[in-house]
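Look over the model before reading on.

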Amino acid sequence: GQRVVMKSRAKRGHPDLMFQEWFLDKYCGLAIEFKRTGTQLFKLDGTLRKDEHHEEQLSYLIALKQRYWLAGFVVGLEPAKEVIKAYLEAHDTSLSIINKHIYPKLKTK
């Protein structure tokens, strides 16, 4: 079954939602930091806009990515739903759907 870890008194920067379930035998879970539609996290050059809270969140997400998690920011409700659905269904196009909506982008080989 799916195991979901919800935030409660977690360390600063801890993602809003975490699914702790293997995905395509490559990733051990999904961690999402939700942002409202219209939130501008990154500058045109790809660097994070100056914001201490977002920097803490990004640092946490990067640490998870280094530990084989699909992790990142997702901006907007509909993209968040698409990412979660693609992850839970784990179909052939799931990774491309997730990569379309998650920031920073996944580095795929």
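The questions below go from a helix pair to single residues. The model is predicted, so local features need pLDDT of at least 70, side-chain atom pairs count only at pLDDT 80 or more, and totals for chains, interfaces and linings use all residues. Residues are numbered from 1 along each chain as its sequence is written, and side-chain values use heavy atoms, without hydrogens and water.

Q: How do helix H2 and helix H3 run, roughly parallel or roughly antiparallel?
A: The axes of H2 (residues 77-89) and H3 (residues 94-101) come within 9 Å and cross at roughly 155°. Angles over 145 degrees count as roughly antiparallel. H2 and H3 are therefore roughly antiparallel.

Q: Which residues of H3 meet H2?
A: Contact means heavy atoms within 4.5 Å. From H2, Pro 79, Glu 82, Val 83, Ala 86, Tyr 87 and Glu 89 take part. Their partners in H3 are Ser 94, Ile 97, Ile 98 and His 101.

Q: Why do the buried residues of H3 lie on the same side?
A: Ser 94, Leu 95, Ile 98 and His 101 are the buried residues of H3 (under 20% relative accessible area, 1.4 Å probe, protein chains only). They pack against strand E4 (69-75), H2 and strand E5 (102-103). They share a side of H3 because they cover an arc of only 135° around the axis.

Q: Is Tyr 68 buried or exposed?
A: Tyr 68 sits in the loop between helix H1 (52-65) and E4. Its phi is positive, about 70°, although it is not a glycine. Exposed means over 50% relative accessible area. At 56% relative accessibility, Tyr 68 counts as exposed.

Key: Axes are lines fitted to C-alpha atoms, for helices over the stretch in contact, and angles run from 0 to 180 degrees between N-to-C directions. Helices (H or I, at least four residues) and strands (E, at least two) are DSSP runs, numbered from the N terminus. Angles under 35 degrees count as roughly parallel, over 145 as roughly antiparallel, 65 to 115 as roughly perpendicular and the rest as oblique. The arc is that of the directions from the helix axis to the C-beta atoms.
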